[in-house]
Amino acid sequence: MAMVTIGGDSFEAGASILHPKNLHTLNFTKSLNLGRNNDPTSSSDDSDDDSSFGIWDGSKFVFKTFDYNSNWSVVRKIVSVFNSLKMFFRYGFSLFKMEKFVQNAVGCFVKYYESFESRPVFESIEDMLKWANLYNLTTRTLNEELAGAGLSPILISELVTVITRVNYGQSVSMSGLAGAVSLAGSGGGLWSVKGGNWQMAAGLINSSDVTLHLNEEIDSISYFGDHYELNSTKGNSYSCEVTVVATPLDEVNIRFSPPISVPDGNLQHTYTTFVRGLMNPAYFSLNSLSEIPELVGTVEAPNIPFSCISVLKRYSEQDMTYKVFSRAEMDESLLDQIFSVRKETIRINWGAYPHYKAPEVFAPILLDRSHLYYVNAFENAASTMETSAVAAENVARLILSRFSGEVVSILKSSASREKGLHIDL
């Protein structure tokens, strides 16, 4: 979670969208008295429902919604209906099958919000997923799952592919559960924290009894029978009874003694490029800027150098701020082809989420036989702000259940409170 400032305005640079059923983040926002934006991609509070959308195949737009800029609500509603009909004529009843597929997955996921009395503590990701009837989705690709659900090939290769490329930078060959989460992240009711999603993490840290060491990395973690010793790159040493690793181990060089065993994995890097300027219609073989949709999604094709381009803010017809997602860094010459004017450019390289590949193999939650825990083991199922909170809550419960039997009884009795201890965690 991070923000960037370009043209004097701040925009989300990392994790941007939250689902209306993300109960942990909803409760974090409420308890920290944070405001909400209904449009996660904009710096304003205005709805983005009337923005135009197109699917680019590398040579032409295979699908475009009607564009309309009207202050008349009746006009907006009429054009919105025409856009819905246009989408239905292209993709048919498969749209409803896709919605049902997503609803089924979300319905399983909300089981993780059940009370502690009915929800066990999980010692493995496999058990955690099987309990919620989500494990099978990690054993097959999204393409296989959607084809099995009866979706048409054109919907999968176009609209679904656009969504997975936008949200995970990957194709429909990604594993099914992560793909379902990606599709859920394209539905209605999405929101973000006003002023930046990072405020949730900062607020939770500030309201907790913790000491935060910024700009300091852990170099090694050693177990000495009754405690762990953590040595940092600044030469500091920390002794503790419980250690929780809450960052992906794929691209860090922490030395563990004794050694641990986790499956080999690769992070999917998403290159986020912010540009203040103007897009070049000639790049899309168009005559005018007004013909370019405000959100340009792309299909899976080797000649397309970006996953999507979206308008974040329109200052005038000749001045806008854009956000570009790509799998590789956008060099200067490429940006000069896509944009006719560039006043300001900001680049961020995110090691954003796992590169998903079915069947998924999961790292253990418990990295040793004592108290070394790994929150990010869940990321190979799905990687979002909310799934991270769900995984962290389970680790917190697991620590309490294994560390002190007395604490477990307190945990169980506290779960019957009106809000529930799981929200406090």
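Glu 332 counts as partly exposed because its relative accessibility is 42%, where buried means under 20% relative accessible area, exposed over 50%, and partly exposed in between (1.4 Å probe, protein chains only). The model is a predicted one, in which local features need pLDDT of at least 70, side-chain atom pairs count only at pLDDT 80 or more, and totals for chains, interfaces and linings use all residues. Residues are numbered from 1 along each chain as its sequence is written, and side-chain values use heavy atoms, with hydrogens and water left out.

Glu 332 and Arg 347 meet through their side chains in a salt bridge of 2.8 Å, N to O; the term stands for a side-chain nitrogen of Lys or Arg within 4 Å of a carboxyl oxygen of Asp or Glu. The pair links distant parts of the chain, with Glu 332 in helix 9 (residues 332-338) and Arg 347 in strand 16 (residues 339-354), 15 residues apart. Helices (H or I, at least four residues) and strands (E, at least two) are DSSP runs, numbered from the N terminus. Arg 347 is partly exposed, with a relative accessible area of 32%. Through shared partners, salt bridges join Glu 329, Glu 332, Asp 336, Arg 342 and Arg 347 into one network.

The salt bridge count comes to 17. Another of these pairs is Arg 90 with Glu 158, whose closest N and O atoms are 2.8 Å apart. Here Arg 90 belongs to helix 2 (residues 73-91) and Glu 158 to helix 6 (residues 153-168), 68 residues apart. Arg 90 is partly exposed at 30% relative accessibility, whereas Glu 158 is buried at 9%.

Arg 314 and Glu 294 also form a salt bridge, at 3.1 Å from N to O. Arg 314 lies in strand 14 (residues 308-316) and Glu 294 in the loop between strand 12 (267-279) and strand 13 (295-298), so the pair ties together parts that are 20 residues apart in sequence. Arg 314 is partly exposed at 34% relative accessibility, while Glu 294 is buried at 17%.

On a 1 Å grid over the protein atoms alone, a cavity is a set of points where a 1.4 Å probe fits but cannot get out, and lining residues have an atom within 4 Å of a point. The largest cavity has a volume of about 30 Å³, the volume being the space filled by probe spheres set on the points. Its lining includes Tyr 112, Phe 122 and Arg 397, and helix 10 (residues 385-403) gives the largest share, 4 residues.

Technical notes
1 Å grid on protein atoms, 1.4 Å probe; cavity = no way out; pocket = protein on both sides within 12 Å on 5 of 7 lines; lining within 4 Å.
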